[in-house]
Amino acid sequence: MSCIDLEDASDWVEVTNTLPSLEVLILQYCNLNINFHPIYHVNFLSLSILDLSGNHLGNNIPLWVSKLRSLTSLSLCEITVGNGGPIPEHIQNLTSLVYLDLSVNSFNTSIPSWLYSLSHLEVLNLRENQLTGTISNEIKNMTSIITLDLSENELQGDLPTSSMAQLCKLKEIDMSGNTWNRSISQILDSFSGCLSDRLKVLKIQDGQIYGHLTNKIGQFKSLTDLDLSSNSISGLIPESLWQLVNLEWLNIGNNHMEGGEFLDPWSYDTGDFYIDYEEAALLLMKGELIEYNKTLALVNIIDLSGTQLQSFDPSSFTGNNLCGPPLTLNCSTNGEVTVVEKNRKEDEHEMSWFYIGMAVGFIVGFWGVCGSLIFNRTWRHTYFAFLDCVKDQIYVASLLKLRWFRETITSCYNSQ
């Protein structure tokens with residue numbers, strides 16, 4: 001029932017209360033009237049999924065919600081306007097919750113201790129609030145947590161290393177947009193232990209973290225998504241970063257990092273360094289010929305034209321068997337055309353013949369049919385007579401079919 005205007009329906013709770021077998025109730029953006037009639041006995045206790053997102057309920061959610069002990073999923077995204085106050089305390093009674101979405105509200109207190117006691121929670125979304133304070137040691141009680149989104153808040157301070165390390169099921173965590181003011185080494189230490197083998201997504205964009213990104217990052221073998229952009233991380237990019245073979249997305253832009261020897265001779269400032277790469281590109285950056293042969297065995301041509309490589313100084317490519325701009329060495333030898341250029345010309349030649357053939361085919365086909373009808377009266381009359389005959393046959397067949405259909409319907413109706 002999402003996006004249905006229920007502003008004038010003050011009895012929607014009473015109506016819902018007449019459905020004892022109800023298991024899923026989704027009322028997103030229904031403009032619910034918060035001045036609904038209170039209910040003292042809840043009949044829909046079998047409800048497992050409740051979504052009231054997008055309704056301005058404030059932080060005082062209905063008391064009957066806390067009585068839904070079988071509730072496993074609760075979405076309260078965008079329910080507050082202005083000063084949201086604390087996170088609604090009634091939620092602490094929902095001990096069976098597996099999914100909890102409190103994102104895009106204005107909750108402006110610290111994370112309450114009772115929230116950490118929801119041990120069955122697998123997904124907790126607190127994105128885009130105004131939550132303050134630090135992460136409590138009690139987070140260790142959230143032993144089932146898989147996805148944790150704390151982004152775009154005002155959280156700060158140390159992460160409880162010993163407690164975070166006990167969240168062995170955690171696979172995704174987003175801490176972006178907070179003021180942690182901690183070194184990247186301290187952050188990574190917080191995710192050591194059993195987390196290092198399971199963590200897949202780590203996002204700390206604009207988290208006010210600093211220091212050198214060391215080879216500690218290499219312990220997170222399962223990482224597929226790493227975002228450390230818009231921070232103050234400095235130093236060389238560690239070689240272990242490129243050993244994360246499962247990594248699919250990497251963003252370390254807007255930092256103060258530099259390329260290491262493994263990127264030689266492309267040692268350049270990475271203030272705007274942004275990589276979206278696949279495994280083949282990763283191996284290419286390592287620069288090991290044996291990996292080229294194994295991974296790029298079917299590659300015939302690599303075209304890097306139009307990239308920023310041509311903006312480097314020629315001395316940056318010293319020691320490599322390279323040719324072409326910005327180097328003075330021409331890629332052609334003894335006036336012979338290179339394989340790449342030869343293949344490119346062949347492609348252009350084939351494309352030209354394609355368009356020529358298409359034009360000739362159109363001319364022959366069009367004038368072969370239409371021309372004969374225009375200039376030969378007998379053929380023209382025969383052709384249009386044939387079309388008239390086909391039209392009449394279709395018309396007669398349609399009438400007969402329609403008549404049969406009407407008679408069939410009439411006979412069925414009369415038989416009843």
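**Entry 1: K216 and its partner**

I began with K216, which counts as partly exposed at 30% relative accessibility. Here buried means under 20% relative accessible area, exposed means over 50%, and partly exposed is in between (1.4 Å probe, protein chains only). K216 forms a salt bridge with D189, and their closest N and O atoms are 3.1 Å apart. D189 lies in helix α3 (residues 184–190) and K216 in the loop between β10 (209–212) and β11 (225–227), so the pair ties together parts 27 residues apart in sequence. D189 is partly exposed too, at 29% relative accessibility. I noted the cut-off: a salt bridge is a side-chain nitrogen of Lys or Arg within 4 Å of a carboxyl oxygen of Asp or Glu. I took helices (H or I, at least four residues) and strands (E, at least two) as DSSP runs, numbered from the N terminus.

**Entry 2: ground rules**

This is a predicted model; local features need pLDDT of at least 70, side-chain atom pairs count only at pLDDT 80 or more, and totals for chains, interfaces and linings use all residues. Residues are numbered from 1 along each chain as its sequence is written, and side-chain values use heavy atoms, with hydrogens and water left out.

**Entry 3: confidence**

I looked up pLDDT, the predictor's confidence in each residue, from 0 to 100. The protein has a mean of 79, and 74% of its residues reach 70 or more. Where is confidence lowest? The answer is helix α5 (residues 279–286), at a mean of 38. Strand β5 (residues 123–125) is highest, at 98. Over residues 260–300 the pLDDT is below 50. Beyond near neighbours in sequence, that stretch still has 67 contacts in the model. A contact means heavy atoms within 4.5 Å.

**Entry 4: the whole protein**

I found eight helices and 15 strands. Of the 416 residues, 37% count as buried. Among contacts with a separation of 6 or more, 59% join residues 24 or more positions apart.

**Entry 5: more salt bridges**

How many salt bridges does a search of the whole structure find? It finds five. One of them joins the side chains of R127 and E128 at 2.8 Å, N to O. R127 is partly exposed at 26%, and E128 is partly exposed at 37%. E128 lies in the loop between β5 and β6. It has a positive phi of about 55°, although it is not a glycine.

I then checked E407 and R403, whose side chains meet in a salt bridge at 3.3 Å, N to O. Both lie in helix α8 (residues 377–415), four residues apart, about one turn of the helix. E407 is partly exposed at 45%, whereas R403 is exposed at 56%.

**Entry 6: two loop residues**

Is S144 buried or exposed? At 16% relative accessibility, S144 counts as buried. S144 sits in the loop between β5 and β6 (147–149). Leaving aside neighbours within four places in sequence, its contacts are S119, H120, L121, E122 and K169.

I252 is in the loop between β13 (249–251) and β14 (256–258). It is buried, with a relative accessible area of 1%. I252 and Q205 are 47 residues apart in sequence, yet 8.7 Å apart in space, C-alpha to C-alpha.

**Entry 7: a record for residues 353–375**

UniProt, in an unreviewed entry, places a "transmembrane region" at residues 353–375. Such annotations may be inferred rather than shown by experiment. In the model this span is 100% helix and 0% strand. Its end C-alpha atoms lie 31 Å apart.
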